[in-house]
Amino acid sequence: MIRILIAEDMHMIRGALVALLSREDDMDVVAELDRGDHVMDEITRTRPDIALLDIDMPGLDGLSVAARIAEHVPETQVLILTGLSQPGYLLRALQAHVRGFVVKDAPAQTLAESIRKVVAGERVFDTDLVAAALETGSSPLTIREAEVIRAAETGISTEDIASRLFLSPATVRNYLSNAITKIGGRNRIDAIRIARDAGWL
């Protein structure tokens, strides 16, 4: 049996995934979670073969979770299932040693087939997404610049960003200015939009 952990914050989608995979004779869903920051503890407890992760989750995003799994529990393979098909996410997934990346609007049977392929040692990536990722390229932002842009996305002031990230307001302004220039945005809001659409945040 293929032991599967599912981390998806939308209850209806998670329930549908559990029901779908439970119908497969060779699959057993051993854990289901709605937060990214609870995944590592549950993996330690249940030791699944596959961690099926959404990207956008509370607590910790799926790609950050994937990187931790690769570092601490490499025997658990990660398959990303997401509605966020921006090419930048695929590049981040590859850096996190993810074995598969399936978009949520793929046919239902594609998911089960992808899980079997990953367990067999194959990689599973949407070919259109791979082509778009190669075209878009990796993020030009440093880790700190991306953190500042993510904080700015919430609409808080430069001073509040500085307080949240333990930086001075002048340093935050420098990071924002550098990020806007690198991304090619007209202003902060335009840079956030471009970075979000590319999957760089």
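Me: Left-handed or right-handed: in which sense does α7 pass α10?

Reply: The crossing is left-handed. That term applies if the near helix is turned anticlockwise from the far one by less than a right angle; clockwise makes it right-handed. This is a predicted model, where local features need pLDDT of at least 70 and side-chain atom pairs count only at pLDDT 80 or more, while totals for chains, interfaces and linings use all residues. Residues are numbered from 1 along each chain as its sequence is written, and side-chain values use heavy atoms, leaving out hydrogens and water.

Me: What angle do the axes of α7 and α10 make?

Reply: Two packed helices are described by the angle between their axes and the distance between the axes. Helix α7 (residues 143–153) and α10 cross at roughly 110 degrees, with axes coming within 10 Å. Therefore α7 is roughly perpendicular to α10. Axes are lines fitted to C-alpha atoms, for helices over the stretch in contact, and angles run from 0 to 180 degrees between N-to-C directions. On the α7 side, I149, R150, A152 and E153 make the contact; α10 supplies R188, I192 and R196. Contact means heavy atoms within 4.5 Å.

Me: How does α7 cross α8?

Reply: Helix α8 (residues 158–165) and α7 cross at roughly 125 degrees, their axes within 10 Å. The two are therefore oblique to each other. Here the crossing is right-handed. R144, E147, V148, A151 and A152 of α7 meet I161, R164 and L165 of α8.

Me: In what order do the strands lie in the sheet?

Reply: Strands of a sheet pair through backbone hydrogen bonds, either parallel or antiparallel. This open sheet has 6 strands, ordered β2-β1-β3-β4-β5-β6, with parallel pairing. β2 (27–33) and β6 (124–125) are the edge strands: each has a single partner, so one side of each lacks a neighbour in the sheet. Strands (E, at least two residues) and helices (H or I, at least four) are DSSP runs, numbered from the N terminus. Pairing requires at least two DSSP bridges between two strands.

Me: Which strand pairs show this in detail, and by how many bridges?

Reply: β1 and β2 run parallel, joined by 6 bridges. I6 has E32 in β2 as its bridge partner. Strand β4 (residues 77–82) pairs with β5 (residues 100–103), again in the parallel sense, over 4 bridges. L81 stands opposite V102 of β5.

Me: Which strands does helix α1 touch?

Reply: Helix α1 (residues 11–22) packs on the sheet against β1 (2–7), β2, β3 and β4, and its direction makes about 165 degrees with that of β2. α3 packs there too, touching β3 and β4, at about 165 degrees to the direction of β3.

Me: Buried or exposed: how do D56 and D190 count?

Reply: Buried means under 20% relative accessible area, exposed over 50%, partly exposed in between (1.4 Å probe, protein chains only). D56 counts as exposed because its relative accessibility is 52%. D56 sits in the loop between β3 (50–53) and α3 (62–72). D190 counts as buried because its value is 6%.

Me: Where is D190, and what does D190 touch?

Reply: D190 belongs to helix α10 (residues 188–198). D190 touches G184 and G185, leaving aside residues up to four places away in sequence.

Me: Why is β1 called largely enclosed?

Reply: Because 5 of its 6 residues are buried, β1 is largely enclosed by the rest of the structure.

Conventions
Angles under 35 degrees count as roughly parallel, over 145 as roughly antiparallel, 65 to 115 as roughly perpendicular and the rest as oblique.
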